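Here are my notes on the model, as numbered points. Please read them with the structure open.

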Amino acid sequence: MTFGVLVATVALLWRPDGWTYFLSSGLTCGAFGAWGITDRLLGEQAELDGGAAWLLRVVRFVCAGVGAVAGVGFVFRVLFTFLGTWIS
């Protein structure tokens with residue numbers, strides 16, 4: 001999780017060539033790591049009260065959404081790069 005967030009942060013601040021690739025892949029990895037942590041917490045601590053379990057479920061859902069959107073964005077960016085040379 002930490003490496004993905006680090007890559008996304010560096011891509012946003014430094015903005016090298018192709019920074020959107022780094023941003024979307026970093027967000028995908030970071031979101032997957034955060035989703036895994038919250039999923040494990042939910043599984044291990046089944047006796048959590050309603051508020052804490054609800055918050056973990058919301059965080060897990062948000063992480064899944066961010067990861068999915070970033071992953072689809074990465075795939076589209078790669079496709080646009082390769083198809084842009086064929087279709088102009």
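Helices here are DSSP runs of H or I, at least four residues long, numbered from the N terminus. Ile37, for one, lies in helix H2. The model is a predicted one.

1. Helix H1. This helix covers residues 2-14. Its 13 residues should span 18 Å at 1.5 Å a residue, and its end C-alpha atoms are 18 Å apart, which agrees. Which residues of H1 are buried? They are Gly4, Ala8 and Ala11. Seen down the axis of H1, the buried residues fall within an arc of 65°, so they line one face of the helix. Thr2, Phe3, Leu13 and Trp14 are exposed on the other side of H1. The cover over the buried residues of H1 includes H2.

2. A note on spacing. An α-helix has 3.6 residues a turn, so residues three or four places apart point the same way.

3. Arg15. This residue sits in the loop between H1 and H2, just after H1. Its phi is positive, about 55°, although Arg15 is not a glycine. Please look at the backbone here. Is Arg15 buried, exposed or partly exposed? Its relative accessible area is 48%, and the cut-off for exposed is over 50%, so Arg15 counts as partly exposed. Arg15 also lies over the face of Trp19, at 4.3 Å from the ring centre.

4. Aromatic pairs. How many aromatic pairs does the structure hold? It holds three. Two of them are taken up below.

5. Tyr21 and Phe74. The ring centres of Tyr21 and Phe74 are 6.3 Å apart, with the planes at 85°. Planes over 60 degrees apart count as edge-to-face, so this pair is edge-to-face. Tyr21 lies in helix H2 (residues 19-44) and Phe74 in helix H3 (residues 50-86), so the pair ties together parts that are 53 residues apart in sequence. Tyr21 has a relative accessible area of 22% and is partly exposed. Phe74 is partly exposed too, at 30% relative accessibility.

6. Phe32 and Trp35. The rings of Phe32 and Trp35 have centres 6.2 Å apart and planes at 20°, so this pair is stacked. The two residues are three apart in helix H2, which means about one helical turn between them. Phe32 is exposed, with a relative accessible area of 59%. Trp35 counts as partly exposed, at 32% relative accessibility.

7. Ser24. This residue is in helix H2. Ser24 is buried, at 8% relative accessibility. Where do the polar atoms of its side chain point? One lies 2.9 Å from the backbone oxygen of Thr20. The backbone oxygen of Tyr21 lies 3.3 Å from a polar atom of the Ser24 side chain. Leaving out residues up to four places away in sequence, Ser24 touches Ala70 and Phe74. Phe74 is also the ring partner of Tyr21.

8. Thr38. This residue is in helix H2. Is Thr38 buried or exposed? It counts as buried, at 7% relative accessibility. A polar atom of the Thr38 side chain lies 2.9 Å from the backbone oxygen of Trp35. Trp35 is also part of the stacked pair with Phe32. Leaving out residues up to four places away in sequence, Thr38 touches Leu56, Val59 and Arg60.

9. Ile37. Ile37 is partly exposed, with a relative accessible area of 46%. How far apart are Ile37 and Phe61? They are 24 residues apart in sequence and 12 Å apart in space, C-alpha to C-alpha.

10. Helix H3. The 37 residues of H3 should span 54 Å at 1.5 Å a residue, and its end C-alpha atoms are 54 Å apart, which agrees. The buried residues of H3 are Ala53, Leu56, Cys63, Gly67 and Ala70. They pack against H2.

How values were computed: Residues are numbered from 1 along each chain as its sequence is written. This is a predicted model: local features need pLDDT of at least 70, side-chain atom pairs count only at pLDDT 80 or more; totals for chains, interfaces and linings use all residues. Side-chain values use heavy atoms; hydrogens and water are left out. Rings of Phe, Tyr and Trp (its six-membered ring) pair if their centres lie within 6.5 Å; planes under 30 degrees apart count as stacked, over 60 as edge-to-face and the rest as tilted. Buried means under 20% relative accessible area, exposed over 50%, partly exposed in between (1.4 Å probe, protein chains only). A charge sits over a ring if NZ of Lys or CZ of Arg is within 6 Å of the ring centre and within 35 degrees of the ring normal. The expected span of a helix is 1.5 Å times one less than its number of residues. The arc is that of the directions from the helix axis to the C-beta atoms. Contact means heavy atoms within 4.5 Å. A polar contact is a pair of N or O atoms within 3.5 Å; within protein, one must be able to donate a hydrogen and the other to accept it, and residues adjacent in sequence count only if both atoms are side-chain atoms.
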